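Here is a short tour of a model for you to explore. Please keep the viewer open as you read along.

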Amino acid sequence: MKILNATILAALVLTAHTASAQALLDPTRPPASLGARLDAAAGDGLPRLQSVLISPRQGGRHVAVIDGETVRLGDNYKGARVARMTQTEVELVRGRERQVLRLEPAPLPPIAGAGIQAAN
């Protein structure tokens with residue numbers, strides 16, 4: 001009976017301890033400000049350049065991803081011709097109208113060792 005009471009008491013103490021514990025932060029979760037910026041940008045209706053791949057060979061492929069759709073140099077994207085590609089830009093042409101899409105700057109990598117304390 002004493003063992004049963006001790007077991008129940010230990011279970012209650014452990015349950016109370018875990019209930020008062022703070023939630024752990026996920027170190028791999030992107031900052032909330034990044035998600036808010038991407039959500040706000042996606043809602044403006046403008047096409048977003050997501051990736052550009054240019055072959056290093058002369059006359060090689062030029063491929064870009066705009067709003068999840070893969071396009072090549074000279075292709076049409078929603079009524080506009082893909083007229084020019086660089087490593088960071090794609091130019092779309094609709095008649096006399098030109099629109100330049102630019103890659104968003106990548107977030108800076110975390111500083112090595114920031115927030116980590118050395119164990120002795």
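## Confidence

pLDDT is the predictor's confidence in each residue, on a scale from 0 to 100. Helices (H or I, at least four residues) and strands (E, at least two) are DSSP runs, numbered from the N terminus. The chain averages a pLDDT of 78, and 65% of the residues score at least 70. Among the elements of the chain, the lowest mean pLDDT, 56, belongs to helix 2 (residues 32-42), and the highest, 96, to strand 6 (residues 89-94).

This is a predicted model, where local features need pLDDT of at least 70 and side-chain atom pairs count only at pLDDT 80 or more, while totals for chains, interfaces and linings use all residues. Residues are numbered from 1 along each chain as its sequence is written, and side-chain values use heavy atoms, leaving out hydrogens and water.

## A salt-bridge network

The structure holds 4 salt bridges (a side-chain nitrogen of Lys or Arg within 4 Å of a carboxyl oxygen of Asp or Glu). E91 forms one with R84, the closest N and O atoms being 2.9 Å apart, and another with R98, at 2.7 Å. E91 counts as buried at 10% relative accessibility, whereas R98 is exposed at 55% (buried means under 20% relative accessible area, exposed over 50%, partly exposed in between; 1.4 Å probe, protein chains only). R84 is partly exposed, at 30%.

E89 pairs with R102 in a salt bridge, their closest N and O atoms 2.9 Å apart. E89 lies in strand 6 and R102 in strand 7 (residues 97-102), so this pair ties together parts 13 residues apart in sequence. E89 is buried, at 18%, and R102 is exposed, at 52%. Salt bridges with shared partners join R84, E89, E91, R98 and R102 into one network.
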